[in-house]
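Please keep the view open as you read.

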Amino acid sequence: MIELSAKLTTGSVYLAGEALECGITFCHTPQPEHRNSQSHSDILENLAWASAQIHCFFSTPKTTGDKATIIEKTTALEVTSCDIGDVVFHTKPKILFCDLTIPLGETKTFWYRESLPMEAPPSYRGTAVKYSYKITIATQKVGSHIKMVRIPFRVLPISPIMNMQDLAALCGNETTEELQPTNPFSEERKVETPLTMALQVLQNLTARRSPNSYMITNSRGKVGRFCLFKSAYKLGEDIVGTFDFSVGTVTCMQVSVSLQPEEVTKTNTPMKSANKENSSRSMTVARYHEVTLGLTHSQLILPIPLHITPAFEGDEVSLSWRLHFEFVTSNERLQPAPEDKDWNAPLNVSIETMVWNLPVKIYSTLPKQISQQSVGNDAYTLYIK
């Protein structure tokens, strides 16, 4: 029996344009029922070939889900739409070996290395569509069927910078020098690749602080002022803002802020005509709520989860993010005046709820920052008898 074990040695999260590495081990182990009696045919095991490649699957709610990670094919190495969706991107298969003989108790290790294209769509699980990535490792034992094992991994978009021309133009207008002392005697010059240039521009976009103030009003007057310190963020950062209700003429009783996606499909998916507002409400990923009655100032701190997909635009779907505000206001007198000695709070209060949407930009972060918060990368095993 051959035990195939595969593990991503460079983590399970990658940026588009980054290179991944997978270690694939074939071990000849005795079957439990034959441990005491080994024939000559059991001492040597032959594998005809093995290959590896990357697949990106696209699926919709009507597409059959991922039924199994390990599947068996009887004819050729192919992936059909009935497995986990349609293949929208794949790399060329790389042959790991041909005609491999493994003696009993020995192990053979092979390495699969591949670079993702910059324009690769990100991993995404939305209401209308889903993108998922897997490394497909296939092998065939002499006289047996083809067997495959799939290793899932996550891809983050490098958007909005998608090609070398845009990178060169942006980098020419951006300050991309690292904020650290440089050695004037060093002759080393860093080779700028599209990925490193995109990361530099991404860092500059999300590091800038550009406070914006918004006066919030309704039909009865001013509710307050909201200040957002910046509009571009990376995964894992906190969205920080302040509320100033001292300038308001209308009492704000409570406020809630939700981080919501806006998904727009571009093809004939089953949910193309779905209400975007309902879709966004059902996919709120982070929420802030505070009772503000009696407060003149309040602070918003809304963490951006690491598991969400940053904004991107693809052929089938585009994704953007927004802050969804809900203010509960009232025109009634809800607090006593300094001269009131016998004041009772009203039993019933007429309220009015107003909503407001503010777009924000969410970009990718370094994969290692996500890996530090996630569970370790496990090995995937397949037994070939």
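## A tour of the model

Alanine 207 is partly exposed, with a relative accessible area of 48%; the class partly exposed lies between buried (under 20% relative accessible area) and exposed (over 50%), using a 1.4 Å probe and protein chains only. This is a predicted model, in which local features need pLDDT of at least 70 and side-chain atom pairs count only at pLDDT 80 or more, while totals for chains, interfaces and linings use all residues. Residues are numbered from 1 along each chain as its sequence is written, and side-chain values use heavy atoms, with hydrogens and water left out.

Alanine 207 belongs to helix α4. Its C-alpha is separated by 9.3 Å from that of lysine 234, 27 residues away along the chain. Helix α4 covers residues 194-207, 14 residues in total, and spans 20 Å from first C-alpha to last, close to the 20 Å expected at 1.5 Å a residue; the expected span is 1.5 Å times one less than the number of residues. Within α4, the buried residues are Leu195, Met197, Ala198, Val201, Leu202, Asn204 and Thr206. An α-helix has 3.6 residues a turn, so residues three or four places apart point the same way.

Stepping back, the protein chain contains 6 helices and 22 strands, taken as DSSP runs (H or I, at least four residues, for helices; E, at least two, for strands) and numbered from the N terminus. Of its 385 residues, 43% are buried. Counting contacts (heavy atoms within 4.5 Å) between residues at least 6 apart in sequence, 75% join residues at least 24 apart.

Now for the interior. A nonpolar core is a set of buried Ala, Val, Leu, Ile, Met, Phe, Trp, Tyr and Cys residues joined through side-chain atoms within 4.5 Å. The largest one here has 77 residues, and those touching the most other members are Ile24, Phe26, Ile135, Ile137, Phe153, Phe243 and Leu259. At least three residues of this core come from each of domain 1 (2-32 + 40-62 + 76-158 + 368-384) and domain 3 (209-267 + 283-332 + 349-363), with bounds from an automatic or database domain assignment.

Phenylalanine 26 sits in strand β3 (residues 19-28). Beyond neighbours within four places in sequence, phenylalanine 26 contacts residues including Leu47, Ala50, Phe97, Ile102 and Phe110.

Several residues can be set side by side by accessibility:

| Residue | Relative accessible area | Class |
|---|---|---|
| Cysteine 22 | 0% | buried |
| Phenylalanine 26 | 0% | buried |
| Glutamate 262 | 16% | buried |
| Cysteine 98 | 57% | exposed |
| Aspartate 99 | 60% | exposed |

Glutamate 262 is part of strand β16 (residues 251-265). Its side chain makes a polar contact of 3.4 Å with the side chain of arginine 322; such a contact is a pair of N or O atoms within 3.5 Å, where within protein one must be able to donate a hydrogen and the other to accept it, and residues adjacent in sequence count only if both atoms are side-chain atoms.

Aspartate 99 lies in strand β7 (residues 94-103), and has a positive phi of about 55° although it is not a glycine.

How many disulfides does the structure hold? The number is 0, where a disulfide is a pair of cysteine sulfur atoms within 2.5 Å.
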